[in-house]
Amino acid sequence: DLEAELRQIEKDLDAAGLLEKTEDYTNNVGYSERTGVAIEPKLSMQWFLSMEELARPATKAVMEDAIRFVPEKYKNTYRHWMENIKDWCISRQLWWGQRIPAWYLPQGGYVVALNADEALEKARAKSGDASLTLADLRQDEDVLDTWFSSALVPFSTLINDPKAFDIYLPSSVLVTGYDILFFWVARMVMMTRFFTGRVPFKNVYIHGLV
């Protein structure tokens, strides 16, 4: 069993002179309520988005009142979050969602592309192998964080209609709960500013939770 294997590893390390000491400690391991199986962390590769460049113009938009918060007290909450922002892990290990647009090459490395055809073109250029096919590439199995996809809503729904784009971006009012001021509101401001140079909305009405 697992405990026996761990004890053997301990003996092997000790025999090789690589074991400094052993000590007991209490470990808090969660268990699945459905299966009763132990839930333990698994280290894996993740995709991160650098946030500093996105946060700076989005902070300025609110501090200079291009976007106004009601009640106004949330302006300082927003500023505090944005000035202390950390890089964002945007990959999720779920069965649903928008797939990470990265394809891995058979010889190592990856390409990021808008679609599979572009990925193949980039993979051939990067590898120097014109014989590569889509079957040779493996798209990342992770999907984008839900809040990443949601952050694109103010403009992604309008990009195919230039007239609507000019009419509805920015919109007049966003009504939302205070609990997603950072998760959704701030991220919509960051993404819209970055991709369009505009603000997504002029006013944000923030209400309590029921």
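Predicted model: local features only at pLDDT ≥ 70, side-chain atom pairs only at ≥ 80, totals over all residues.
How many aromatic pairs does a search of the whole structure find? The search finds 9.

**Aromatic rings**

One of the pairs joins phenylalanine 69 and tyrosine 78 in an edge-to-face arrangement, with 5.3 Å from centre to centre and 75° between the planes. Phenylalanine 69 and tyrosine 78 are both buried.

Another pair is formed by tryptophan 88 and phenylalanine 148; the ring centres lie 5.8 Å apart and the planes meet at 50°, so this pair is tilted. Tryptophan 88 belongs to strand E5 (residues 88-89) and phenylalanine 148 to helix H5 (residues 146-151), so that the pair links distant parts of the chain, 60 residues apart. Are these two residues buried or exposed? Tryptophan 88 has a relative accessibility of 6% and therefore counts as buried. Phenylalanine 148, at 14% relative accessibility, also counts as buried.

| Pair | Centre to centre | Angle between planes | Arrangement |
|---|---|---|---|
| Phenylalanine 69 and tyrosine 78 | 5.3 Å | 75° | edge-to-face |
| Tryptophan 88 and phenylalanine 148 | 5.8 Å | 50° | tilted |

Beyond these pairs, Trp81, Trp147, Phe182 and Phe183 form one aromatic cluster. Charged side chains also lie over ring faces. Arginine 187 lies over the face of tryptophan 88, at 3.8 Å from the ring centre. Lysine 126 is placed over the face of tyrosine 110, at 5.4 Å from the ring centre.

**The parallel sheet**

An open sheet with parallel pairing consists of 3 strands in the order E4-E12-E11. Its edge strands are E4 (68-70) and E11 (171-177), each of which pairs on one side only. From one strand to the next, the twist averages 20°.

How many bridges join E4 to strand E12? There are 3 bridges between E4 and E12 (residues 201-207), and the two strands run parallel. Within this pairing, arginine 68 stands opposite asparagine 203 in E12, and valine 70 stands opposite tyrosine 205 in E12. E11 and E12 likewise run parallel, joined by 6 bridges. Here valine 173 stands opposite asparagine 203 in E12.

**The antiparallel sheet**

A further open sheet has 3 strands in the order E8-E7-E9, and its pairing is antiparallel. The edge strands, E8 (110-112) and E9 (138-139), each pair on one side only. Strand E7 (residues 102-104) is joined to E8 by 3 bridges, and these strands run antiparallel. Tyrosine 104 has tyrosine 110 in E8 as its bridge partner. Helix H4 (residues 116-127) packs on the sheet and touches both E7 and E8; the direction of H4 makes about 135° with that of E8. The ring of tyrosine 110 is the one whose face lies under lysine 126.

Notes: Residues numbered from 1 in each chain as written. Heavy atoms only, no water. Pairing = 2+ DSSP bridges. Helix = DSSP H or I, 4+ residues; strand = E, 2+ residues; numbered from the N terminus. Axes fitted to C-alpha atoms, helices over the stretch in contact; angles between N-to-C directions. Phe/Tyr/Trp six-rings, centres within 6.5 Å; stacked < 30°, edge-to-face > 60°. Buried < 20%, exposed > 50% of the residue type's maximum accessible area, 1.4 Å probe, protein only. Lys NZ or Arg CZ within 6 Å of the ring centre and 35° of its normal. Contact = heavy atoms within 4.5 Å.
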